Amino acid sequence: MSNKILITGASGLVGRALTDSLIQQGYKLHILSTQKSKVNTNSYPKTFHWDPMSNELDLRSLEGIDSIINLAGAPIAQRWNKAAKSEIVNSRVKSLEILAHHIKTHHFPVKYLVTASAIGIYSNSVTQYYEEKQAQFSSNSFLSSVVQKWEAALGAFDNADLKICILRIGIVLDANGGALPKIMFPIKNYFGAALGTGSQWQSWIHTEDLVGIFSHALKSKIEGVYNAVAPNPVQQSELTNTIARIVGKPIYLPNVPQTVLKLILGEMSAIVLESQRVCSKKIQKTGFDFKFHEVSAALEDLLRF
Ligand SMILES: NC(=O)c1ccc[n+]([C@@H]2O[C@H](COP(=O)([O-])OP(=O)(O)OC[C@H]3O[C@@H](n4cnc5c(N)ncnc54)[C@H](OP(=O)(O)O)[C@@H]3O)[C@@H](O)[C@H]2O)c1
C-alpha cells in the first residue's frame with residue numbers, strides 16, 4: 001500500500017494543521033485546491049487545481065493515491081443570503097460527487113476516504129446527548145440540511161470499492177482561526193458576554209485532537225460515522241467565562257439576547273445559538289485517546305502566551 005494521500009480543503013484551518021502533521025509523519029501529499037495560484041506539481045506536497053462547482057479536476061491528483069481526506073467547502077461563517085447558501089451546500093456536495101465520478105470512471109484504486117462532516121446535523125436541543133446512531137436531524141435548520149445533503153452525497157461512491165469514514169466535527173478550537181478568535185475579541189476588549197441564554201451546549205474539539213483523529217482514521221481505516229468532539233462539551237456561558245478567566249478579563253455585561261444576535265447576524269446566528277451536546281465515546285472505543293478532555297485545559301494550551 002502506498003503512503004500517498006490526496007487532501008482537499010488543505011488551505012483551511014483544519015487542513016493547514018493536518019497537512020503539517022501528515023508531512024511530518026512521512027506521508028506524500030497531493031492537494032486539490034480551488035486556488036490556481038497554489039498549483040505546484042514538481043515536488044511534494046504537490047498541489048493540483050480543481051473547481052468542483054465547474055466540474056474541473058486535474059486527474060493527475062488521483063494518480064497513485066491510496067486514501068483521500070476531504071475537507072473542502074465554502075465558509076459557513078458568512079452572511080447567509082441565497083447565493084451564499086447555495087455555495088455552502090453545492091461546494092460540499094459537488095466536491096464529493098466529482099471525486100466519486102473520476103474514481104469510478106477512471107478506475108483509480110483509492111481504498112479509503114475520510115470526510116469532514118459536522119455536528120450541525122443534529123437537532124437543536126439542550127437536553128439530548130447525541131450519539132451517532134440515535135441521530136435526530138432537524139428539518140427546518142439550514143445547518144442541519146447542509147450536513148444532511150453533504151453526507152447523502154457520499155452515495156455517489158456506491159459501487160466504488162472503498163471504505164468511508166465520516167467525521168462529524170464539533171467547534172474547532174484553534175488560536176489562529178475559526179470560532180475562538182471571534183469569541184475572544186469582545187472578551188479581550190471588555191464587552192464580552194454569554195450569548196443568548198448561555199445554556200446552549202457547545203461541543204468543541206482542540207485542533208490537535210482533530211488532527212489526531214484524522215491520522216488515527218488513516219492508520220486504522222475505521223469505517224462509518226464518528227463524532228469528532230472532545231469528551232466534555234460545555235454550555236456557552238461556561239465557554240465564555242473560562243476564556244475570560246484565562247485571558248484575565250471580567251465579564252460584567254448581561255447575556256446578549258437572542259433577538260439582538262439575530263438582528264446582527266441574521267439567520268447565521270444559529271451558529272452560536274444552536275445547542276448540540278455530542279458524545280465522543282464511539283471514536284474513543286476505536287482506540288483514540290484525547291489529549292484535551294476539558295475545555296479549560298484546551299484553552300489554557302491554546303491561549304498561553
Ligand atoms: N472549523 C470548524 O469549527 C468546523 C466544524 C465543523 C465542520 N467543519 C468542516 O470541516 C471542513 C474543514 O474546516 P475548516 O475550518 O478547515 O474550513 P475552512 O478554513 O473554511 O477551509 C475550507 C477549505 O475548503 C476549500 N474551499 C473553499 N471554498 C470552496 C469551494 N467553493 N469549493 C471547494 N472547496 C472550497 C478551501 O481550500 P482551497 O482554497 O485550497 O481550495 C478552504 O481553505 C469544512 O468543510 C468545515 O465545514 C469545520
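**View 1. Glu 238, Leu 239, Thr 242, Ile 243, Arg 245, Ile 246 and Val 247 of helix 6 meet Val 295, Ser 296, Leu 299, Glu 300 and Leu 303 of helix 10.** Meeting here means contact, with heavy atoms within 4.5 Å. Sorted by class, the residues of this contact are 7 nonpolar, 2 polar and 3 charged (nonpolar: Ala, Val, Leu, Ile, Met, Phe, Trp, Tyr, Cys and Pro; charged: Asp, Glu, Lys and Arg; polar: the others, Gly among them). Helix 6 covers residues 236-247, and helix 10 covers 295-303. Their axes lie 10 Å apart, at an angle of about 40°. So helix 6 and helix 10 count as oblique to each other, and their crossing is right-handed.

What you're looking at is a predicted model, where local features need pLDDT of at least 70 and side-chain atom pairs count only at pLDDT 80 or more, while totals for chains, interfaces and linings use all residues. Residues are numbered from 1 along each chain as its sequence is written, and side-chain values use heavy atoms, with hydrogens and water left out.

**View 2. Here helix 2 (residues 82-105) packs with helix 3 (residues 142-152) at an angle of about 15°.** The axes of this pair are 9 Å apart (lines fitted to C-alpha atoms, for helices over the stretch in contact, with angles from 0 to 180 degrees between N-to-C directions). That's why helix 2 is roughly parallel to helix 3 (under 35 degrees is roughly parallel, over 145 roughly antiparallel, 65 to 115 roughly perpendicular, the rest oblique). On the helix 2 side, look for Lys 85, Ile 88, Val 89, Arg 92, Val 93 and Leu 96. They meet Phe 142, Val 146, Lys 149 and Trp 150 of helix 3. By class, this contact between helix 2 and helix 3 has 7 nonpolar and 3 charged residues, with no polar ones.

**View 3. Now for helix 1 and helix 5, whose axes cross at roughly 55°.** Helix 1 runs over 13-24 and helix 5 over 207-220. Their axes come within 10 Å, and helix 1 and helix 5 are therefore oblique to each other. Helix 1 brings Val 14, Ala 17, Leu 18, Ser 21 and Leu 22 to this meeting, while helix 5 brings Thr 207, Leu 210, Val 211, Phe 214, Ser 215 and Leu 218. This contact of helix 1 with helix 5 holds 8 nonpolar and 3 polar residues, and no charged ones. Helix 1 passes helix 5 in a right-handed crossing.

**View 4. Zoom in on the loop between strand 2 (28-33) and strand 3 (46-51), and you'll find Pro 45.** Helices (H or I, at least four residues) and strands (E, at least two) are DSSP runs, numbered from the N terminus. Is the peptide bond from Tyr 44 to Pro 45 cis or trans? The bond from Tyr 44 to Pro 45 is cis, with omega near -5°.

View 5. Check the backbone of Asn 55 here: phi is positive, at about 60°, although Asn 55 is not a glycine.

Notes. Left-handed = near helix turned anticlockwise from the far one by under 90°.
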